[in-house]
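Biologist: I've got a chain up on screen and I'd like to talk through how its pieces sit together. Can you walk me through it?

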Amino acid sequence: MVQSDGTGGKRKRLGLVLGGKQDKIKKPQRMILLYDRLFAGQMIYPPDIAQELGVDLRSIQRDLADLRATYLPIETLEIDNKLYYKVNLADQKMQIAFGPLDLMVIILALRIMEQYEGTGLTGNIAGIAEKISNRVTQAVARRSKDVSRKFCTYSFLPRNYENKQDAVDDILTGLLDQKKITLRYRSLAGGTKTHTVCPYCLVPYKTGLYLVGQIESKHAHHEPTVFALERIQACDCTKESFQLPDGWNPADFLSERGGILPGKRERVEIAFDASLHEYLKNLRWPEGVKLAKPKGERSTLLLKGEVVVNDELVSWIVGFGAKATVIQPPSLVDWVREHLRDTLKHYENL
């Protein structure tokens with residue numbers, strides 16, 4: 001949180017500048033900064049660092065405790081009644097070698113995360129990219145010339161999370177430290193409710209960020225819930241720990257669910273115009289789903305198999321316009337028909 005400076009104003013926090021914008025120093029950035037300074041042989045005096053970064057002293061003390069918990073050889077030294085932290089470099093030496101491909105991977109990750117403007121995540125990856133670029137050899141540097149301009153990602157109408165920075169900070173802290181969070185969440189229907197959540201995973205999806213977590217409930221066990229970051233009205237990280245369930249795999253969870261939106265697994269049959277063959281054949285379909293040309297048909301492709309039927313699938317089908325026709329199940333046929341009928345009503349009197 002931004003701290004008061006005692007004059008009614010707000011103390012500015014030091015941040016990484018990227019593209020002319022300043023991101024707040026978040027916990028992951030603070031950890032990197034402390035790590036680098038300690039391994040550069042510097043002594044850390046927490047009050048000075050807290051003032052420099054514009055955070056409270058307890059945050060820096062927690063950061064140092066977390067670094068210590070990773071078995072780094074951090075020692076304390078008292079000088080003039082002040083407690084300093086340092087690393088005994090004789091106990092641990094780091095040999096880091098980065099090649100062009102390592103730098104390219106980091107730059108590509110940076111380009112992907114740039115679409116989530118305002119979260120501070122871009123600043124974190126930019127800081128890592130800068131550290132790597134400063135440690136590569138001269139030969140690698142020559143091969144990596146202009147590498148940052150050789151990768152680009154583009155998303156249509158990306159979301160802006162500038163007013164969600166504090167929420168992202170608490171979510172990241174909960175994820176890293178496995179601490180429960182309390183969040184106030186606005187549903188699509190407009191109602192707002194407060195939940196205590198065990199945060200499992202942060203998912204970048206299309207132009208948005210989503211939190212997957214288990215809502216704490218007195219009722220019987222239920223599956224994790226997906227929260228859209230832009231609908232989180234407020235968030236705080238608690239001191240209460242939790243353990244990830246054995247066997248938890250976010251990719252399996254989202255695959256079974258059919259994506260971000262929930263749905264029901266059903267057997268479908270969809271006819272596509274043959275002109276879509278090149279596009280459709282390169283999609284990674286779920287196991288058991290097949291795309292084939294019916295015998296005697298030159299202008300039609302037939303997709304058969306079991307998939308999760310939800311709003312996302314309907315929107316995908318409708319996006320093909322007249323080049324896609326649902327054959328079964330009847331419930332999906334009705335769903336698509338209703339979607340198109342409601343859309344057409346908006347244009348009938350224009």
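Biologist: What covers the buried residues of helix 10?

Modeller: Keep in mind that this is a predicted model. Helix 10 spans residues 311-318, and its buried residues are Glu-312, Leu-313, Val-314 and Ile-317. The cover over them includes strand 6 (192-205), strand 10 (264-273), strand 12 (300-309), strand 13 (324-328) and helix 11 (330-345).

Biologist: Which residues touch the most other members of the largest nonpolar core?

Modeller: That core holds 39 residues. Back in the largest core, the residues touching the most other members are Leu-183, Phe-227 and Ile-232.

Biologist: Leaving aside neighbours within four places in sequence, what is Phe-227 in contact with?

Modeller: As a reminder, Phe-227 belongs to the largest nonpolar core. In general, nonpolar side chains in soluble globular proteins tend to be buried together. With those close neighbours set aside, Phe-227 is in contact with Leu-183, Tyr-185, His-195, Val-197, Leu-209, Tyr-210, Leu-211, Gly-213, Ile-215 and Ile-232.

Biologist: Is Arg-257 buried or exposed?

Modeller: Arg-257 sits in helix 8, residues 250-257. Its relative accessibility is 12%, and the cut-off for buried is under 20%, so Arg-257 counts as buried.

Biologist: Which side chain does the side chain of Arg-257 make a polar contact with?

Modeller: Leaving aside neighbours within four places in sequence, Arg-257 is in contact with Glu-223, Pro-224, Val-226, Pro-262, Gly-263, Val-308 and Asn-310. From that list, the polar contact between side chains, at 3.4 Å, is with Glu-223.

Biologist: Now for a loop: why does Gln-115 count as buried?

Modeller: Gln-115 is in the loop between helix 4 (100-113) and helix 5 (121-135). Leaving aside neighbours within four places in sequence, Gln-115 has contacts with Ser-155, Pro-158, Arg-159, Lys-206 and Thr-207. It counts as buried because its relative accessibility is 13%.

Biologist: Which side chain does the side chain of Gln-115 make a polar contact with?

Modeller: One thing the side chain of Gln-115 reaches is a backbone atom, the oxygen of Ile-112, at 3.1 Å. The side-chain partner, at 2.6 Å, is Ser-155.

Biologist: Zooming out, what share of the protein chain's residues count as buried?

Modeller: The chain has 11 helices and 13 strands. It exposes about 21400 Å², with carbon and sulfur atoms supplying 52% of that. Of its 350 residues, the share that counts as buried is 38%.

Note on methods
Residues are numbered from 1 along each chain as its sequence is written. This is a predicted model: local features need pLDDT of at least 70, side-chain atom pairs count only at pLDDT 80 or more; totals for chains, interfaces and linings use all residues. Side-chain values use heavy atoms; hydrogens and water are left out. Helices (H or I, at least four residues) and strands (E, at least two) are DSSP runs, numbered from the N terminus. Buried means under 20% relative accessible area, exposed over 50%, partly exposed in between (1.4 Å probe, protein chains only). A polar contact is a pair of N or O atoms within 3.5 Å; within protein, one must be able to donate a hydrogen and the other to accept it, and residues adjacent in sequence count only if both atoms are side-chain atoms. Contact means heavy atoms within 4.5 Å. Accessible areas come from the Shrake-Rupley method with a 1.4 Å probe; for residues, only the protein chains shown count as cover. A nonpolar core is a set of buried Ala, Val, Leu, Ile, Met, Phe, Trp, Tyr and Cys residues joined through side-chain atoms within 4.5 Å.
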